[in-house]
Amino acid sequence: MGCTERFTTFESAELVLPRLIKRDQSREPFNETKLRSGILKATEKRPISSGAIEELISRVIRQVRKLGEREIQSRLLGEIVIKELREIDEIAFVRYASVYRRFQDIEEFEKEIESLRKTSKTDVQEAQFSIFPDEEEL
């Protein structure tokens, strides 16, 4: 008597996040809880919805996975988070950057804030357009 049952197996890709190489060259597994904790501290008491924070965390994780590496420097993860925070809230960005980049004095804060001011002015200028056509276009 042979088996009359039918069995099917499915394979799926295992989406593993890379290990992090810390500043002291030690390695540890990617920890989404630590990532979330750092972002929540930076966004504490800011007008940012929990949905926006979860979307930010998802974008960070997608970017890390997209790298396709088995190991990445923790500073690269930090820079990805900083870039994402900068897009949603400048205060949260400065808070996270101050801890992550280990600002030592007020001058380092001032440099970062000045960088924000320059970027914000450029973004506003690029977003604005004239409602009147230039004379050259007439």
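This is a predicted model: local features need pLDDT of at least 70, side-chain atom pairs count only at pLDDT 80 or more; totals for chains, interfaces and linings use all residues.
**Ground rules.** I number residues from 1 along each chain as its sequence is written, and side-chain values use heavy atoms, without hydrogens and water. Local features need pLDDT of at least 70 and side-chain atom pairs 80 or more, while totals for chains, interfaces and linings use all residues.

**Overall layout.** I found five helices and three strands, taking helices (H or I, at least four residues) and strands (E, at least two) as DSSP runs numbered from the N terminus. From that end the order is β-β-α-α-β-α-α-α. Of the 138 residues, 25% are buried (under 20% relative accessible area, 1.4 Å probe, protein chains only).

**α3 against α4.** I looked up α3 (residues 74–88) and α4 (residues 90–100), which pack at about 165° with axes 8 Å apart; axes are lines fitted to C-alpha atoms over the stretch in contact, and angles run from 0 to 180 degrees between N-to-C directions. The pair is therefore roughly antiparallel (over 145 degrees). In contact (heavy atoms within 4.5 Å), the α3 side includes L76, V81 and L85, and the α4 side includes F93 and Y96.

**Core.** Which residues have the most contacts inside the largest nonpolar core? They are L35, V60, L77, V81 and L85, in a core of 26 residues. Such a core joins buried Ala, Val, Leu, Ile, Met, Phe, Trp, Tyr and Cys through side-chain atoms within 4.5 Å. I see that α1 (32–43), α2 (50–67), α3 and α4 each give at least two residues. Leaving out residues up to four places away in sequence, L35 touches F30, I57, V60, I61 and V81.

Terms used: Angles under 35 degrees count as roughly parallel, over 145 as roughly antiparallel, 65 to 115 as roughly perpendicular and the rest as oblique. Buried means under 20% relative accessible area, exposed over 50%, partly exposed in between (1.4 Å probe, protein chains only).
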